[in-house]
Amino acid sequence: MTIGVDVNAPRPSRLLEISLRVRRANMALVLVLALFIGLVIGAIMIIVTTPTLVHSWATFFSHPGKTISENFNTVWYAYEWIFQGSMFNFHAMRVLIDHPDKANLATALGPISLTLQYATPLVVAGLGLAIGFRSNIFDIGGQGQVIAGGVVAGLIGFSLNLTPILQVSLELIGAVLAGALLASLAGVLKAYTGAHEVIVTMMSNYIMVLLMGYLLITNLFARPGVKDGASKAVTPSGQLPFFFSHLNSSLLVNVGFLIALAMVFVVQWFFDHSKTGFELLMVGQNGEAARTAGINSKRTIIIILCLAGGLCGLAGMLELTGVDHFLSPNFGGSYGFDAITVALLGRNRPWGVFFAAIFFGAMYAGGEAMQAFTPSNIQYSLAQVIQAVVVFGVATPALIVEIFRLTDNGRFRSSGSSGGWAK
Amino acid sequence: MSVSAQTVDHEVVHPEIVTLENLRRVTRERAFGYGVTLVVLGLLEVLWFGGASSALKTTIELGYNSSTAMPSIAGPVRVVPLLIGLLLLAPVVSHAARQIVPQRIKFSKGVRSFLIIVGGYLISWPVALWLGVNSVGALRTLTIPVSTTGYVIGALTIVAGGLLAWRRFDRGASPLLYVGLVFFLLGFLVWVARGSNVSGLHLQLTGILAAAVAAATFLIFGSLSGTLCERSGVVNIAIEGQFMMGAMSSVMVVSAMNGTGVSLVLGVLVAGVIGALLGWVLAVMSLRYQANQIIVGIVIVAFCTAVTQFIMFQVLDTHQNLNGAFPLPVWSIPFFSHIPIVGPVVFDQNVLVYVAILGVIIANIALFRTRWGLRVRSVGEKPIASETVGVSVTRMRYGAVILGGFVAGLGGAAFTIGAGTNFTFGMTNGYGYIALAIMIFGRWRPYGALMASLLFGFAIALSANLNIYLSQLVIPQQFISMLPYIITIAAVAGLVGRIRPPAADGIPFSRE
């Protein structure tokens, strides 16, 4: 067979070529289609749970246009608020253009600030869990590690009063160590007894919530005189500075976001250029080969979990010193759990995790706006349903490929094995 | 078949090499571990409970502690069933008595169990009346000194543990461990309720044990589900999600139909079907698309969390009539339910408890005594071999995972209509993951799952029922609530010793 281009072959039609190229599966297309499915499922849930919309289907055959427009409008309005609450509020933008002053600028920046504020801990915690997932270690104890980091950062934050840079560094180190210590427990148990890290880390979540509940009523943490479950506040020198507080005190996006961004670069470097990072990748991709190459698997497991836990602890510190400033019984929200899905959505790549966290932050912020501004107060959990569906699609791209009859070269067929329990 | 993800460990007995020698070594190692654990527990009991002041005593209420009243039967009438029962049991216990029985009646296993059941049934009734209620009709109580109890159970545990560690016998090792752990928890209860003979805060042992069985119900369903799935080689981490959806859907169905008898049956079935549906999703993802089973499980749980949260706050908060508290009917097994302590705990429970216990028995027979069970197990151990002899790996796994999902869904129903409460968001509290730990603790066997579930149920009931003794506890409430989670970590970390999961567990199968 000769190598070269057969000049006599008929050129395929341009249209056919484009249509073939469009149908070729790639991650971006899978992501868009997964989001589409998520929005459709969200729309169905809105329609089924809103009584007026359910009733509107009774007149579907007499007034089909009215029914469809009524349903479409409600769903569209809800999604519009998810966007406006998380990115740009068109009304606020127009006001800003008409009257450019400080107050209007603050209003216009509000949604994006909220998105980045919510995304900050998710970026860091998501990066941590992604390190584990890439090496086939499933640390799902993000919640407990976030709490551990927050508790230690809080303790350092309100009991000391040093120069800001020193105090923040101390908080950071303390939080990272706390998270790493908690996660390393799971690592040691896995390495030396074979206890599966999924169960150990999951249990540590519940233990940490209870432990924090106990600590918050002790004299060490509780505000003097008031035992309402809130801790003392971090001293001003221990707080992370806000970017836009001079515009409006409600804009809470802070230096923590820069730290999170820096972490993306650090993790990227770690995997691309460091020896340990390479070893972790190797253990994740082929444990047998890694062992043959002389990599100590026990040590690697513990290192992976320490890194994952350390980053989750850092996330807790950023949340506490950047936004909350004091501990309360529901500190940490669901950041630790959502970080799992953030890592999966980002396909465990540092920049993927970063954008996945921004997406999640946007869904939080937008979900709250949707709940506040839609007539039937559609609950913000709808945004989480959409998130879960998107993650489902991205975690099993083969499903999306099959539903939309995309073409792939077997790239998305298999997502790898999960190894099983006590190894 | 990919083995790439198996974490490497030099010391673990390689799962591929199953020789009799290996198995024996593993079981002997395990027996030794159990023995050491028991000795440690015994020492702890002696030092901790035995160290209590010798003047302190604990009063335990032995009696019947249920909604149904105690039947009152005059003295002489009690003797008649007792005599008949003894007469029936005699041939079982004594060899001499067996000679009197006519030769025509073959003394088979069936006849023997018949005699035990009927005889025990007849005896239990008068004995129950005698033990549980005194002549005036009030609850009988038992007062025991705390430190002596500590010494006695401590000594017994040390002797049993020492024997186990020394002789390393496998048969009876696990039951011994369970008995040891239960004794430890009982000793703890006695210690916590110290001084109750004076304070009047009697130890409601029956109530706590009944709560333990109730809490064990969903754990039994969950761990049974895990056992079924993993025996076929699929890791089901989505049990937590199946619990949530089962709990919510059953309560919605029952409330929508106002809690009629039919609706209760339907509610339980709907919970099971929803669980099976989620199991089907897991099966499709992990079998058809060969996705990572742990990731799929985690995502299913995330999805179920979001959906239950949305429906809870969007629908159930505004339509309270869709979220009512309708308990399943309680079946009191006549007379058996009057045995002190055991009666209310085992024979006076709602229907789902019996379904759970029956499910364990059926699952055990199905897994180890039928052709289907053999195929499921072979598919989980060595799929390529099963495929070679013509058993479809994919089909067997589909069946097992969907069935497992159904069982886990029933477990969800046990949270709401099983306990007679309405649905609250987050009520499953991580028990789906604990169920997985129980499955490991029970070594992938239905009976093991049952035993371990009862133990964990006891721990859960304990942590929920100690509020009245808070002043006696040196430990704060939060630490008591941690008990089930800490025990779970201890259980997966080493109390069980070396365990051998199904060899193909969690590894996707493809024919190439």
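Trainee: Among contacts in chain B between residues at least 6 apart in sequence, what percentage join residues at least 24 apart?

Mentor: The structure is a predicted model. Two residues count as in contact if their C-beta atoms lie within 7 Å. Among such pairs in chain B that are at least 6 apart in sequence, the share joining residues at least 24 apart is 82%.

Trainee: How many residues does chain B bring to the contact with chain A, and which helix supplies the largest share of that side?

Mentor: Chain A contributes 57 residues to the contact, and chain B contributes 54. On the chain B side, at least two residues come from each of helix 11 (293-316), helix 17 (431-441) and helix 19 (477-495). The largest share, 15 residues, comes from helix 11 of chain B.

Trainee: How do the residues on the side of chain B that touches chain A divide into nonpolar, polar and charged?

Mentor: Gly counts among the polar residues in this division. On that basis, the side of chain B that touches chain A divides into 2 charged, 15 polar and 37 nonpolar residues.

Trainee: Why does B:Leu89 count as partly exposed?

Mentor: B:Leu89 belongs to helix 2 (residues 75-93) of chain B. A buried residue needs 20 or more other C-beta atoms within 10 Å, and an exposed one has 12 or fewer. Because B:Leu89 has 18 C-beta neighbours inside 10 Å, its class is partly exposed.

Trainee: Which residues does B:Leu89 touch, not counting residues up to four places away in sequence?

Mentor: B:Ile123 lies 34 residues from B:Leu89 in sequence, with a C-alpha to C-alpha separation of 9.4 Å. With residues up to four places away in sequence left out, B:Leu89 touches B:Leu115 and B:Gly119.

Methods. Residues are numbered from 1 along each chain as its sequence is written. Chains are lettered from A and ligands numbered from 1 in the order in which they are written. This is a predicted model: local features need pLDDT of at least 70, side-chain atom pairs count only at pLDDT 80 or more; totals for chains, interfaces and linings use all residues. Helices (H or I, at least four residues) and strands (E, at least two) are DSSP runs, numbered from the N terminus.
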